[in-house]
Amino acid sequence: MVDSQYYLPNDIGVSGLDCREAFSLLSPREQMYSHYLSRAAWYGGMAVLLQTSPESANIFVLLQKIFRKQPAAELEPVAVAAGLTSEEYQAFLVYAAGLYANMGNYKSFGDTKFVPNLPKDKLKALVFASQAFTEQPSEMEALWDSCSSALFSLEDKQKQLGLGSKGITTYFSGNCGLEDAELAQKFLDFENLSAYNTRLFKTEKGGKMSYEVRLASAVKSDCAIDGEGETRCGSFSFEDQEFTVKRGDYAQIMERVCHYLEEAQAHAASENQKKMLEGYRRSFTFGSIDAHKEGSRFWIKDKGPTVESYIGFIESYRDPFGSRGEFEGFVAVVNKAMSERFAKLVSSAEVLLPELPWPRDFEKDTFLKPDFTSLDVLTFTGSGVPAGINIPNYDDIRQSEGFKNVSLGNVLAVAYATQKEKLTFLEEEDKDAYIKWKGPSFEVQVGLHELLGHGSGKLFVQDDQGKFNFDQNTLINPVTGEKVTSWYRGNETWDSRFSTIASSYEECRAECVGLYLCLNKLPLSIFGHEGQDAEDVVYINWLYMVRAGLLGLEFYTPESSSWRQAHMQASFVILRVLLEAGEGLVRLEEVAGADGRPDARIALDRTKIHTVGKSAIQRFLCKLQVLKATADVVGGRALYDGYSAVTDSGPHNFLRLRDTVLLRKEDRKMLVQANTRVQGEAVELVEYEGSAAGLIHSFAERFLEDAEQLEADLLELSKRDSPCWCH
């Protein structure tokens, strides 16, 4: 029997992402713009297969070839004839849907591998009986042989993503370890190159190491191209090691992205949108993050568009070192009514920011009012769909030019819906209130988290010319009472300094801001909550967070003492802080469930949130901000790693509780997204049923214009890199 942690259950939730009404409200020009942006995003998302695991692209192509010839319903009698039970066939469909939804065979939320929940010989029989196999037997057999062992393998190293012996990654060649990642980061900082669109490959020649930094670009040539200016490619010697900067990673994919961005430009609503898309196109053509930054600057200036989008190598959660971005792209329609509430929250920012528990000097010199909109997602590509986003992630732009916040309304509506019978670890009397107020409280938390969490707090910097953005002679650290003695220098960024803990630490800081500021009546009333309702929203927001901290244990790997998901680690840290506050604020106990198996109960004393809870978060949040602002990596790591520790000692045996959480876990829902097609002068929205078969069908029809060529390109890209993963 395979551990249930490593397969997706047959009854996993699958929901359609509804955007029909939002799409129908767009003008024909806006629909055309959305269509071409969606094409760019879907094709770009193919890079995620190559960013996830060595076998992901091959498995994807295998599934595409099968389902393009036979939809799930047509394949079912073939499966029965090949000896599969109906449960085994459903397990195959769930696996395929999971691979599509996560863009690879590792969960986007938690980074653990998932394998088909049926015997390998049964799956082989089905593949070999399929129409795709009948039509191209030698090609399909070669494809099966190329990925079938990795498809089922659960060797320790392959169970999760990680660097070196800790797991699988394709951001680094198989012979790289943490010391290689650190050296490469120093090199990139020295050359003022961003890691976002890179991968690192190490080779050994005659006892000497050489490193290749490969940039994602449509252009494969390493010399300067017309219209580029100067190239960043070339050979460099750094700390006695040889570094080469090359381009052409995912070239065939980036070429398609650029093509569709150019098509979208013709339908853009403004000059800002055209310049934004031009910046992105240059970035994906030449492999230039500077060009992407330029596009992002125009994106920030594109205030209140009807169609909102962003695309590129964005979030660094899945790089084990925390610097390289996974490709993502989204296209969404602004929900005007909901966006008005967020706009009011933005207008209140200047009133709310001074409430945060750090001195004025630790806040940005000016609050750059961002766009904050609620969106209904038409397309979201990458490995998973979040509930809210605060971008761009470039510190220099965020600190001095601004950012945008988006809350994804139609994602919140389906992905976070809860059934009472599936509500684990809560007291019975909390469950109805939890179901009633979870949505509204999450909306408030997302707003505060994105706008005033990620949007707040200054970083102290001394630039290349030696100029400080603070007075180093007078600034006092409020935690120690002494002068500030550390800061960021030159090209150092938050990600490059705090590397492996940066993502989770920042999510934790933003979550704490949400918990802290939801105690203020102003944001609650902006979202329409007054009196007792407002108190219920606060209670459920805090209860949601402590329960999430317990659920977070699923995403901890005891064997390597590592966390696999930034947000869940952040929730666990907050749970620890609130348990440590004592005075009966949070109660966590192990119990026996109604089924006789181990269970747990978590409860929160609502009368102590505004006192004990508030002061605990106040102290912790101040420390988080001060350590971040002053680039105090040693202090930051000590604090964050301390609270992140999962042990069997102390008042709570968290290692044993982890087993209980795994026993009773519920998998995240998978979302089925629509396709768009141009029919003459109009764009048609094609929707699919909210099931594993519907999700599969959406992908089978997603790349019809060049399916065979795309599959051939993916296999070629996968094959080119395959020697790099052996260690």
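Predicted model: local features only at pLDDT ≥ 70, side-chain atom pairs only at ≥ 80, totals over all residues.
1. The secondary structure of the chain amounts to 26 helices and 19 strands. Its radius of gyration is 25 Å, close to the 27 Å that the globule rule gives for 727 residues, so the chain is as compact as a globular protein of that length. The C-alpha trace spans about 70 × 65 × 60 Å along its principal axes.

2. Of the 727 residues, 60% count as buried, and the chain exposes about 27,800 Å², of which carbon and sulfur atoms supply 49%. Where contacts join residues at least 6 apart in sequence, 75% of them link residues at least 24 apart.

3. As to charge, the chain carries 78 positive and 105 negative side chains, and the centres of these two sets lie 2 Å apart.

4. Beyond its neighbours within four places in sequence, glutamine 625 is in contact with Trp358, Phe362, Gly457, Lys458 and Arg509. The C-alpha atom of serine 456, a residue 169 places away along the chain, is separated from that of glutamine 625 by 9.3 Å.

5. Two of these surroundings involve polar atoms of the glutamine 625 side chain: the side chain of arginine 509 makes a polar contact with it at 3.0 Å, while the backbone oxygen of phenylalanine 362 lies 3.3 Å from a polar atom of the glutamine 625 side chain.

Key:
Residues numbered from 1 in each chain as written. Heavy atoms only, no water. Helix = DSSP H or I, 4+ residues; strand = E, 2+ residues; numbered from the N terminus. Rg over C-alpha atoms; globule rule 2.2 N^0.38 Å. Buried < 20%, exposed > 50% of the residue type's maximum accessible area, 1.4 Å probe, protein only. Contact = heavy atoms within 4.5 Å. Areas by Shrake-Rupley, 256 points an atom, 1.4 Å probe, with all protein chains shown as cover. Lys, Arg positive; Asp, Glu negative; His and termini not counted. Charge placed at Lys NZ, Arg CZ, Asp CG, Glu CD. Polar contact = N/O pair within 3.5 Å; in protein donor to acceptor, adjacent residues only side chain to side chain.
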